Amino acid sequence: MIAWLFRFQSLFGLVLVFVAAVVFSPVRDGELLFLDSGNLFNVVRAMSEIGILAVGMTFVILVGGIDLSVGSVLGLASVGAAVLLVRQDFGVLPAVLVVLAAGLVFGLLQGVVTAKLGIQAFIVTLAGMQIARALARIWSGGQGVEIAYGDAPGRAPMAFSLLGERTFNGLVPIPALIFAVVAGLAALLLRVTAFSRHVYAIGGNEKAARLSGVPVNRVKILVFGLCGLLAALAGIVHAGQLNYGGPNDGSMAELDAIAAVVIGGAGLSGGRGTVVGTVAGALLVGVLRNILTLNNVDSNVQLLIIGLVIVAAAGLQRLRPAAVG
């Protein structure tokens, strides 16, 4: 029973926070503001970028690593998308492909340095965080790039503005759909493929995995590449939502992504965690922030409360029975 509770701790936590949000929701015209459908989808939309980052971070943490560069890569990707669309007159598809490729290559390079040179991921991605931020400032000329739409030169194609729109009768934000698709594909990847077994094996015991014939270096490089790719995707979504690409955007987003993974039940030492748990962790943070904002709680107090939740989640990991995966 205890093992079962720990296995689904993130989902229980999400339900608990959701119920608390209903209880403490402000009321307007007899309706609970928190349960308004527009508000609920806003929670998902607001957490979509962090959720996409957190899915990539889940793979890195599962192999016992960490990626501190994802927030800077998000900023780099948002700048790249804006510059290519507005200043270089790229179409939407070529611009998206170039930015995704840049994120993938950036992640792969960090994976190569980590796996081949044996440098700790913390150090490599800390340097990567600085490099990506510098590249974003160089690419944008140190200034944010506004995205205006139209057919004239210097304007982005209208198709890119769809990232800021909603579908299904104007209810579901497009970024929320992208987050759902990314999470679904990642969960499938971790559920049914040999790649997932290698990821968990490396995180559980890298030396034993290597002796068992697992291509440790190749898997690590691919995991960092996937994380970079998803960080770039989050940056594209960010630029589409805000109609803006800023070199300083995504600052501290890596900490939110790590928090979502930890609250989701993953162990920072590797070998334990799920995408479903990460999604629940991201939504838990989103619901918590939303209900605190609806109740006009000071932003500094919000940070304090969310920080305590992260500490509590990490503390639960210490009590987790070893037999629970």
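Apart from its neighbours within four places in sequence, T114 is in contact with I119, A121, V124 and F224. The model shown in these views is predicted.

View 1. The T114 side chain reaches the backbone oxygen of Q110 at 2.8 Å. The contacts of T114 beyond four places in sequence include F224.

**View 2. E254, a buried residue without a salt bridge.** E254 is located in helix α11, residues 253-263. R133 is the nearest side chain of opposite charge, 5.4 Å from E254; a salt bridge would need a side-chain nitrogen of Lys or Arg within 4 Å of a carboxyl oxygen. With neighbours within four places in sequence set aside, the residues in contact with E254 are M57, D67, L68, V70, G71, S72 and M129.

**View 3. Helix α2 and its buried residues.** Helix α2 is made up of 15 residues, 9-23. From first C-alpha to last, α2 reaches 21 Å, close to the 21 Å expected at 1.5 Å a residue. Q9, S10, G13, L14, V17 and A21 are the buried residues of α2. They fall within an arc of 135° when seen down the helix axis, so they line one face of α2.

**View 4. The face of α2 turned away from its buried side.** This face carries the exposed residues V15, L16 and V23.

How values were computed
Residues are numbered from 1 along each chain as its sequence is written. This is a predicted model: local features need pLDDT of at least 70, side-chain atom pairs count only at pLDDT 80 or more; totals for chains, interfaces and linings use all residues. Side-chain values use heavy atoms; hydrogens and water are left out. Helices (H or I, at least four residues) and strands (E, at least two) are DSSP runs, numbered from the N terminus. Buried means under 20% relative accessible area, exposed over 50%, partly exposed in between (1.4 Å probe, protein chains only). Lys and Arg count as positive and Asp and Glu as negative; His and the chain ends are not counted. Contact means heavy atoms within 4.5 Å. A polar contact is a pair of N or O atoms within 3.5 Å; within protein, one must be able to donate a hydrogen and the other to accept it, and residues adjacent in sequence count only if both atoms are side-chain atoms. The expected span of a helix is 1.5 Å times one less than its number of residues. The arc is that of the directions from the helix axis to the C-beta atoms.
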